Amino acid sequence: MSKAAYWAKKLSKYNDADWAGQPSLFVQEAVKFYPTNARVLEIGTGTGNDGLWLAQEGYKVTMTDFIDDLFPTINEEAASEGVRVELKKLDVRELSELSSESFDVVHANLSLHYFDMATTKQIFAEIKRILTPGGVLSALCNSTDDSECGEGEEIEQNYYKINEIEKRFLDVDTAKELSHEFNPLAIDNRGETYKDRAIGVRNLIRIIVKKGN
Ligand SMILES: C[S@@+](CC[C@H](N)C(=O)[O-])C[C@H]1O[C@@H](n2cnc3c(N)ncnc32)[C@H](O)[C@@H]1O
């Protein structure tokens, strides 16, 4: 199965989850650090909950994902909420097509941890390039404390192929290293999702950092 097919199948299940339609717990924390009236680029929007919520909060949002199967549904939801969003099919490994300093915020909820370290570093560098001075990156990532970390075939340190998909797991030191060219606002391992909260797990890596002026 291709990665796009894997995600299309997975995302159709997310749409049926009881937390569908709600903004992530992470974005509700991260937004406190966003500049007012920010132009937000969302990476790996999936079912679109975070981008739609940010648009309702008054942000100008560009929602992206490398699969566009759910874009029509997201557009319908935006129309029924009376908000405008831009939807763009974009692979996060191809951020080079976006202009420098074109967004005030880049938000990625569980979408930056699928790549080898060289690619991940490149993505962080590209995010810095497209952010305006003082712009904010918010990213929630898998943790080395996750029960899945260590399963499957190891590709490189803390990077595994698990059931058809490559997954990276971060610790706080690696999160700091990846974002060392930004000013830290909050980097910790206290992130949670609705799914994890239900089983008492609260260990995801939260990265909220600011580009210098
Ligand atoms: C775990 S889901 C998270 C979706 C959404 N952000 C949320 O919190 O519900 C991961 C998302 O990353 C997207 N994704 C995976 N690889 C990607 C890539 N190379 N470029 C852009 N998006 C990608 C998937 O399609 C999926 O929507």
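Guide: A word on terms before we start: helices here are DSSP runs of at least four residues, numbered from the N terminus. Also, this is a predicted model.

Visitor: OK. Which helix gives the most to the shell around the ligand?

Guide: Helix H1, residues 3–14, with three residues.

Visitor: And which residues come nearest to the ligand?

Guide: Trp-7, Gly-44, Gly-46, Phe-66 and Ser-111, out of 19 residues around the ligand.

Visitor: What classes are in that shell?

Guide: Eight residues are nonpolar, eight are polar and three are charged.

Visitor: Switching topic. How many helices and strands are in the chain?

Guide: The chain has seven helices and ten strands. Seven strands make an open sheet with mixed pairing, in the order S3-S2-S1-S4-S5-S10-S9.

Visitor: Which strands are at the edges?

Guide: Strand S3 (86–89) and strand S9 (183–191), each of which pairs on one side only. From one strand to the next, the twist averages 15°.

Visitor: How does S9 run against S10, parallel or antiparallel?

Guide: Antiparallel, with six bridges joining S9 to S10, residues 204–210. For Asn-183, the bridge partner in S10 is Lys-210.

Visitor: What does helix H5 lie across?

Guide: H5 (residues 117–130) lies across strands S1 (39–42), S4 (103–109) and S5 (131–141), and runs at about 145° to S5.

Visitor: Last one: what is the chain's radius of gyration?

Guide: It is 16 Å, which agrees with a compact globule, because one of 213 residues would be near 17 Å. Buried residues make up 38% of the chain.

Key:
Residues numbered from 1 in each chain as written. Predicted model: local features only at pLDDT ≥ 70, side-chain atom pairs only at ≥ 80, totals over all residues. Pairing = 2+ DSSP bridges. Helix = DSSP H or I, 4+ residues; strand = E, 2+ residues; numbered from the N terminus. Axes fitted to C-alpha atoms, helices over the stretch in contact; angles between N-to-C directions. Contact = placed C-beta atoms within 7 Å. Near = placed C-beta within 6 Å. Nonpolar A, V, L, I, M, F, W, Y, C, P; charged D, E, K, R; others polar. Rg over C-alpha atoms; globule rule 2.2 N^0.38 Å. Buried ≥ 20, exposed ≤ 12 C-beta atoms within 10 Å, placed from the backbone.
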